[in-house]
Amino acid sequence: MTSYKLLLLPGDGIGPEVMAEVEKVIGALDALGLARFEIERDLVGGSAIDAHGKPLTDEALARADAADAILLGAVGGPKWADVAYEIRPEAGLLRLRKDLGLFANLRPAICYPALADGSALKRELVEGLDIMIVRELTGGVYFGEPKEITTLPDGSKRAVDTQVYTTAEIERIAHVAFDLARKRSGRVASAEKHNVMKSGVLWKEVVTKVHADYSDVTLEHVLADNCAMQLVRRPKQYDVLVTDNLFGDVLSDVAAMLTGSLGMLPSASLGAVDAKGSRKALYEPVHGSAPDIAGKGYANPIAMIGSLAMCLRYSFGLGEAADLLDSAVTRTLASGARTRDIAAEGTTPISTSEMGDAIIRELKHAA
Ligand code: NAI
Ligand code: MG
């Protein structure tokens with residue numbers, strides 16, 4: 001069996017706690033003969049600042065570059081609130097994304113039947129929800145230049161952020177969305193604001209052009225603000241939703257709240273496919289380091305474990321193992337196992353490691 005080189009970057013706060021559960025799952029996958037990994041570990045974020053004075057060392061970046069895939073926990077926390085902006089914990093994650101060219105951020109929002117009552121919306125609106133948000137991750141207003149705050153003659157200030165997109169950047173993210181839709185329900189919605197933004201005009205134009213190669217997929221254009229409303233009004237109308245960096249940040253957080261808990265949501269960040277057919281990829285939960293619950297055994301490991309399932313599927317073509325892992329999570333939830341974030345009032349939640357153990361039990365049952 002092929003052994004894949006996996007770099008684990010647990011990070012800060014609950015990052016190491018949820019990563020410990022993934023390591024247990026990796027051990028179980030190996031024991032079951034479903035997947036084999038060569039594991040390396042390194043530091044990122046605050047833990048790297050403590051050890052090396054910066055949130056990502058060149059050595060860690062080189063390791064990430066050499067790995068077949070990267071799993072990251074979470075970075076940041078109040079302990080590093082006062083470090084310089086350039087070396088804050090989040091800068092380590094941004095450097096990884098930028099330097100590895102991880103331009104496509106996939107954020108599935110899935111509502112498990114067992115958790116539909118925890119959603120911000122009524123059960124009938126979200127039960128069976130399964131949206132894939134495809135967010136452009138390395139362009140747009142978070143990176144465009146100029147980006148500055150200047151002082152005007154009268155002493156007041158002027159702040160500038162710049163939204164920039166090129167045809168090539170839009171084309172490659174559109175391809176990711178259409179390719180995904182082919183394996184799903186065959187529907188793509190593209191969100192922008194061509195009514196008030198030049199970058200939106202180009203976005204719509206390029207996505208429409210790319211769509212010509214995908215006659216088996218339907219394309220709908222939606223204004224991003226209307227999309228936010230639709231996500232809350234009738235979310236199941238969407239399957240694959242492709243959008244830029246800023247709108248994707250906001251819309252994926254809206255979608256997250258439809259599913260019940262931040263602790264449930266995995267993500268993948270993918271680079272371009274190279275000549276050998278492989279691509280750089282980083283998988284991480286959507287949530288942060290949750291300093292409010294760190295060290296207490298309260299953290300829900302499902303987002304992190306779901307990120308491993310995405311890794312199996314998208315980096316290694318191990319769709320069967322990924323399905324087994326995903327269905328182990330579904331059955332664990334159906335059995336009533338709940339960490340604190342998803343437990344109903346008055347019920348007794350289980351710990352992070354008990355949830356990991358329960359999922360592994362279900363995995364062994366099914367395999
Ligand atoms: P957060 O996602 O860490 O926490 C938000 C709320 O959700 C908290 O109440 C937390 O307890 C809860 N929560 C999050 N994940 C959970 C899990 N797995 N199980 C149970 N409950 C969970 O976001 P917040 O509080 O805004 O940020 C905390 C720190 O994390 C900050 O330093 C922030 O910069 C960083 N952060 C890092 C991210 C990353 O590494 N990708 C993403 C978001 C925030
Ligand atoms: Mg966000």
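This is a predicted model: local features need pLDDT of at least 70, side-chain atom pairs count only at pLDDT 80 or more; totals for chains, interfaces and linings use all residues.
Strand 4, which spans residues 104-110, is mostly covered, six of its seven residues being buried. Strand 4 is joined by seven bridges to strand 5, formed by residues 130-136, and the two strands run antiparallel; within this pairing, Ala-109 stands opposite Ile-131 of strand 5.

Turning to the annotated positions, an unreviewed UniProt entry lists Asp-225, Asp-249 and Asp-253 under "binding site". Although these three positions are spread over 29 residues of sequence, they cluster in space, with a largest C-alpha distance of 13.7 Å. Asp-225 is placed in helix 8, which covers residues 224-233, whereas Asp-249 is found in helix 9, which covers residues 245-258. Asp-225 counts as partly exposed because 14 C-beta neighbours lie inside 10 Å, a count that falls between the limit of 12 or fewer for an exposed residue and that of 20 or more for a buried one. Asp-249 is likewise classed as partly exposed, since 17 other C-beta atoms are found within 10 Å.

Definitions and conventions:
Residues are numbered from 1 along each chain as its sequence is written. Chains are lettered from A and ligands numbered from 1 in the order in which they are written. Helices (H or I, at least four residues) and strands (E, at least two) are DSSP runs, numbered from the N terminus. Two strands pair if DSSP finds at least two bridges between them. UniProt positions are given in the numbering used here, feature names are shortened, and annotations may be inferred rather than shown by experiment.
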